[in-house]
Amino acid sequence: MSRIPQHWDMETDVVVVGFGYAGGMTAIAAHDAGARVLILEKMPDPGGISVCSAGGLRVARDAEQAFRYLQATNAGTTPDDVLRRLAQGMTELPDLARELAAVNGAVVGVRDSPGNYPLPGNDTFGFVYIDDLPGFDASKAFPHVKGSPQGARLFKVVLDNVAKRGIPVRTSAPARRLVQDSDGAVIGLIVEIDGKEIAVRARCAVVLACGGFEGDGELQRQFWQAKPVLSAAYRGNTGDGIRMAQAAGAQLWHMWHYHGSYGFKHPDPAYPFAIRMKRLPDWQPGQGLRGDVRMAWIMVDRTGRRFVNEYEPYMQDTGARAMDRFDPATQSYPAIPATLIVDEEGRKLYPLGAPTYNERGLSLGWSRDNQAEVQSGLLGQANSLDELAEQCGLPAAAVTATVDRWNRMCAAGVDDSFGRPPTSMVPIATPPFYFGRLWPVVSNTQGGPVHDSEQRVIDAFGRPIPRLFAAGELGSVFGHLYMSGGNLAECFVGGRTAGRNAAALGK
Ligand SMILES: Cc1cc2nc3c(=O)[nH]c(=O)nc-3n(C[C@H](O)[C@H](O)[C@H](O)COP(=O)(O)OP(=O)(O)OC[C@H]3O[C@@H](n4cnc5c(N)ncnc54)[C@H](O)[C@@H]3O)c2cc1C
C-alpha cells in the first residue's frame with residue numbers, strides 16, 4: 001500500500017491493470033456500464049499470455065450441470081456461489097462472443113465438447129472459438145507472438161472492441177502499488193511511466209487483471225515443490241497483482257496450482273522459454289482415445305525407468321505433476337530433468353516440440369521431421385540404447401530393460417505399469433534413437449488473491465477490500481483439477497462481472 005499522494009497526476013473512474021483477455025473484457029464492461037476507463041499494461045504490447053493461447057473458450061448449455069462439474073473438479077477449494085457465477089456465465093458466453101465478434105466480422109464457432117473428466121454434468125459443455133477473421137493475418141498483426149491462430153483471433157476481437165470504444169491504453173506502464181484511504185478503500189494506484197512514478201486516481205475502483213506468476217522464479221520456488229519449473233510463453237506476468245493485493249490485505253488461494261506439462265529447454269541459455277511438447281488430443285477416462293493417435297515417446301527418470309503415464313487424459317494440464325517427486329535419500333528430483341526416448345519411426349511422425357511465446361525479438365520454429373532440432377543439439381541421437389544411456393548418463397541396463405518391457409507391452413496392447421491408452425502405444429525399436437531432456441513447464445498459474453462471486457478481492461479475514469476487484473488467472477477459481485478452456489471462460493465471465501461492478505460504485 002502506498003501513502004495518499006499530495007496530488008493525482010491522472011484521474012479516471014475505473015483503472016484496469018493488465019491487458020490480456022481479462023483486462024480487455026473488464027474495460028469493455030466498465031465502459032459499457034458508463035464508466036471512464038484506463039487500461040495500464042506493463043509490457044510494450046498488450047496481449048499477455050492471452051494472445052498466444054489456443055483461444056478455446058469453455059461454454060455450457062445448462063448452468064446447474066456446469067456448476068456440478070465445477071464443484072467436483074474444485075474439490076472444496078472454491079465456494080459454491082463463486083462457481084455458480086462462473087457456470088451461469090459460461091451459458092452466456094456464446095451470445096457474448098457473437099456480440100463482440102460483430103466489431104470486425106469474426107466468425108464464431110460453437111461446438112460440443114465434454115469436460116475433461118467423467119464427473120457429474122460433464123456433457124453440458126462445449127467450446128467457442130473464433131473460427132475465422134476475414135483479412136486477418138496473425139503473423140502480421142502480432143509479429144512478436146507465436147501461438148495458435150484461434151488465440152490471436154480472439155484477442156484481436158477484444159482489442160478491436162477496446163479500440164472501438166476509445167478506451168485509452170497505456171503500454172510500458174507497470175502498476176507498482178495500490179493507494180488506499182484510511183478506511184482501506186482502494187482509491188488509486190502508482191504506475192511507472194517513462195521511469196517516473198505517476199499517481200492515478202480511480203474514482204470508482206481498481207481492477208487487477210495482471211495475470212499470474214509464470215515469469216517469477218521466486219514465487220514459484222516458494223509455492224511449488226518441483227524446482228525448477230520453466231515458463232512456457234510469457235515474461236510479463238511476475239506476480240505483481242499478487243503482491244499489490246497482498247499489500248492491501250488480500251488473502252491468497254490456489255498458489256500451488258499451475259497448468260503445466262513437460263517440455264524442452266533450449267540449448268541457448270539466452271532463450272527465455274521452455275518449448276512445450278507436441279499437443280495430442282485429450283481423452284476422457286472410461287472412453288479411451290481415438291484410434292489414430294500415436295504418441296512417439298516414452299519418458300524415463302534418472303534410474304532409467306518410466307515413472308508416469310506419459311499420456312494423461314489432459315496432458316497439457318497435469319503432465320508436470322509426476323515430476324514433483326523429491327527423493328530425500330538422493331536429495332534430488334529423480335524426474336527433473338526426465339529423458340525422452342524416441343526411435344527413428346517416432347522421429348518421422350510429427351514435430352515433437354511446439355514453441356510458443358509473446359516476446360519481441362524472438363523467432364523460433366520447429367521442423368516437421370525434427371531433423372533441424374537433432375542438428376541444433378536440442379535433441380540427441382544415438383545408434384543404440386546403450387549409447388543413448390551413456391550420452392544421457394543413465395544406467396544402460398535399466399534403459400534397455402525399460403524399452404524391452406515397453407515394446408512387449410506395445411505388442412500386448414496393455415501398459416500394465418501406468419495404463420497409457422493402448423492405441424497411443426508405439427514401439428521404440430528402430431535405430432537410430434533420439435533423446436531430449438524434459439522439464440516441468442508452466443503454461444499458466446492459477447494462484448492469486450481470493451475473490452468472491454462479484455470479483456471483489458477478499459482480505460485475510462474474509463471481508464471484501466473496498467473498491468478492489470480481480471479478474472482472469474490472477475486468483476483463478478481452479479483450485480484442484482483444471483478444466484480446459486476454463487481460464488478463458490474466467491477472463492470473460494469474471495472480467496465482465498468485475499467491470500460492471502467497478503463501474504457501478506459511486507464516484
Ligand atoms: C500456450 C497456451 C495456450 C493456452 N490455451 C488456453 C485455451 O485455449 N483456453 C484457456 O482457457 N486457457 C488457455 N491458456 C491459459 C490462458 O491463456 C490464460 O490463463 C489467460 O489468457 C490469462 O489471461 P489474463 O488476462 O488473466 O492474463 P494475461 O493474458 O497474461 O494478461 C495479463 C497482463 O497483465 C500485464 N501485467 C502484469 N503485471 C502488470 C503490472 N504490474 N502493471 C500492468 N500490467 C501488468 C501483463 O503484461 C499481461 O499483458 C493457455 C495458456 C498458454 C500458455
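**Questions on a predicted model**

Student: How many other C-beta atoms lie within 10 Å of P5, and is P5 buried, exposed or partly exposed?
Tutor: In this predicted model, P5 lies in the segment before strand 1 (10-17). Leaving aside neighbours within four places in sequence, P5 is in contact with V179 and A199. A residue counts as partly exposed when the count falls between the limits of 12 or fewer for exposed and 20 or more for buried. For P5 the count is 16 other C-beta atoms within 10 Å, so P5 is partly exposed.

Student: How far apart in space are P5 and V293?
Tutor: In sequence, P5 and V293 are 288 residues apart. From C-alpha to C-alpha, the distance in space is 60 Å.

Student: Which helix gives the largest share of the shell around the ligand?
Tutor: There are 41 residues around the ligand, and G18, G20, G48, G236 and G472 come nearest. By class, the shell has 18 nonpolar, 19 polar and four charged residues. Helix 1 (21-32), strand 20 (433-445) and helix 13 (486-504) each supply at least two of the shell residues. The largest share, four residues, comes from helix 13.

Student: How is helix 3 oriented relative to helix 13?
Tutor: The axes of helix 3 (residues 80-101) and helix 13 are 9 Å apart, and the packing angle is about 100°. Angles from 65 to 115 degrees count as roughly perpendicular. Therefore helix 3 is, relative to helix 13, roughly perpendicular.

Student: Which residues of helix 13 meet helix 3?
Tutor: The residues of this contact divide into seven nonpolar, two polar and two charged. From helix 3 come R85, L86, G89, M90, L93 and L96, and these meet, in helix 13, A489, E490, F492, V493 and T497.

Student: Is M90 buried or exposed?
Tutor: M90 is in helix 3 and touches R58, V59, A60, A66, A489 and V493, not counting residues up to four places away in sequence. Because 31 other C-beta atoms lie within 10 Å, M90 is buried.

Student: Is R467 buried or exposed?
Tutor: Most residues other than glycine have a negative phi. R467, in strand 23 (residues 464-470), has a positive one, near 65°. With 27 other C-beta atoms within 10 Å, R467 is buried.

Student: Is A75 buried or exposed?
Tutor: A75 is in the loop between helix 2 (63-74) and helix 3, and its phi is positive, about 45°, although A75 is not a glycine. There are 10 C-beta neighbours inside 10 Å, so A75 counts as exposed.

Student: What is omega for the peptide bond from I336 to P337?
Tutor: Most peptide bonds are trans. P337 is in the loop between helix 8 (315-318) and strand 16. The bond from I336 to P337 is cis, with omega near -5°.

Technical notes:
Residues numbered from 1 in each chain as written. Predicted model: local features only at pLDDT ≥ 70, side-chain atom pairs only at ≥ 80, totals over all residues. Near = placed C-beta within 6 Å. Nonpolar A, V, L, I, M, F, W, Y, C, P; charged D, E, K, R; others polar. Axes fitted to C-alpha atoms, helices over the stretch in contact; angles between N-to-C directions. Parallel < 35°, antiparallel > 145°, perpendicular 65-115°, else oblique. Contact = placed C-beta atoms within 7 Å.
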